[in-house]
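This briefing concerns the pockets and the nonpolar cores of one protein model. Please read it alongside the sequence and the coordinates shown below.

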Amino acid sequence: MLGNLKEKLAKTRQAFKKLEGLFQSGKRRDEILEDLAEALILADVGVPTTDKIIESIRRKNGKGGAEGLKDALKDELVSLLSRQSPSFAPGPGPAVVMMVGVNGGGKTTSTAKLARKARADGKKVILAAADTFRAAAREQLVIWGERLDIPVITGQDGADPASVAFDAVRSFKARKFDLLLVDTAGRIHTNANLMSELEKIKRIIAREIPGAPQEILLVLDASIGQNAIFQAREFLKFSGITGIFLTKLDGTARGGTVIGIVDELSLPIKFIGVGESDEDILEFEAGGFVDALLS
Ligand SMILES: Nc1nc2c(ncn2[C@@H]2O[C@H](COP(=O)(O)OP(=O)(O)O)[C@@H](O)[C@H]2O)c(=O)[nH]1
Ligand SMILES: [Mg+2]
């Protein structure tokens, strides 16, 4: 898994390579820490999070020399990334997961990835195409459903997304599925409408199944770097997000964004997307991720 992750993160690893040189530069500790701060910012970690990391290393690493710095950085990153509880556990009973995020971020693809993964874990899965804004969005999920042989509940063009969610929940209950994944729309320019649409979908699901949706995953595109954080802030107006599905880590050098996201949003990253196929999904694990970046 780690080998695979390293390969997928090749471009981000390139961005983190500069750090290696720093630790071996023979410079004084304070100089290294200054260079380290610069390198982290260049690697898309973000200024506030970088400041925190450097400050913490300075404090914990005490008067130590340059030797311990690399390990101190690793420890710091792992502890920062595992501060939020990352486990994804909708269940053991029947569970509903909503996928939210802006258009193009990877919601539909990530829904398919999760569906395939859950089915491989022995779950009976059903999908709801609650992005009724564009016919193409629905078709895309229908195609994934056919490919994976997983049923998809759809509505007419322009149908109320909440009514699609309602139909899906009814089928889900009647046919005793284990997991319902709800794909939603993401047109950010009508943000207020979108947020109330998402609230309505959530309310209907909660009314039909107490305790649901058990998870609401915010799908964010890692390749837009720090902008993912601004985007996420807009979505945090919609309450109840339980974690992040961070996509497109395969093609980007901006994987450092992961660190800023977890720190600034105080939300766990639950999954990462590392490609366009349904198999390109990994459960996020802090230790493995940091090892893949820094070794
Ligand atoms: N390289 C890569 N591409 C991805 C990943 N996730 C999604 N995509 C691509 O991003 C584009 C938008 O994805 P889509 O699921 O339609 O986004 P949505 O509008 O949020 O539903 C598609 O071309 C996907 O194939 C990923 O993890 N890696
Ligand atoms: Mg979509």
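**Pockets and cores of a predicted model**

Helix H6 and strand S4 each contribute at least two residues to the lining of the second largest pocket. The model is a predicted one. H6 and S4 are also the elements that give two or more residues to the lining of the largest pocket.

**Second largest pocket**

- This pocket has a volume of about 180 Å³.
- Its lining is formed by Phe88, Ala89, Pro90, Leu114, Lys117, Ala118, Asp121, Lys123, Leu179, Leu181, Phe271 and Glu283.
- By residue class, the lining comprises eight nonpolar and four charged residues, with no polar ones.
- H6 makes the greatest contribution to the lining of the second largest pocket, namely three residues.

**Largest pocket**

- The volume of the largest pocket is about 340 Å³.
- A total of 19 residues line the largest pocket, and those nearest its centre are Gly104, Gly105, Gly106, Thr109 and Lys248.
- Helix H6 spans residues 107–120 and strand S4 spans 179–184.
- H6 provides the largest share of the lining of the largest pocket, with five residues.
- The lining of the largest pocket contains 11 polar and eight charged residues, and no nonpolar ones, whereas the lining of the second largest pocket has eight nonpolar residues and no polar ones.

**Nonpolar cores**

- The largest nonpolar core consists of 78 residues.
- Within this core, the residues with the most contacts are Leu19, Leu36, Leu73, Leu81 and Leu246.
- Leaving aside residues up to four places away in sequence, Leu246 is in contact with Leu220, Asp221, Ala222, Val258, Ile261, Ile269, Phe271, Ile272 and Gly273.

**Thr111 in helix H6**

- Thr111 lies in helix H6.
- Thr111 has a relative accessible area of 0% and is therefore classed as buried, the cut-off for that class being under 20%.
- Apart from residues up to four places away in sequence, Thr111 touches Met99, Leu127, Leu141, Leu181 and Asp183.

Note on methods:
Residues are numbered from 1 along each chain as its sequence is written. Chains are lettered from A and ligands numbered from 1 in the order in which they are written. This is a predicted model: local features need pLDDT of at least 70, side-chain atom pairs count only at pLDDT 80 or more; totals for chains, interfaces and linings use all residues. Side-chain values use heavy atoms; hydrogens and water are left out. On a 1 Å grid over the protein atoms alone, a cavity is a set of points where a 1.4 Å probe fits but cannot get out, and a pocket is an open set with protein on both sides within 12 Å along at least five of seven lines; lining residues have an atom within 4 Å of a point. Grid points are joined across faces, edges and corners, and a volume is the space filled by probe spheres set on the points. Helices (H or I, at least four residues) and strands (E, at least two) are DSSP runs, numbered from the N terminus. Ala, Val, Leu, Ile, Met, Phe, Trp, Tyr, Cys and Pro count as nonpolar, Asp, Glu, Lys and Arg as charged, and the others, Gly among them, as polar. A nonpolar core is a set of buried Ala, Val, Leu, Ile, Met, Phe, Trp, Tyr and Cys residues joined through side-chain atoms within 4.5 Å. Buried means under 20% relative accessible area, exposed over 50%, partly exposed in between (1.4 Å probe, protein chains only). Contact means heavy atoms within 4.5 Å.
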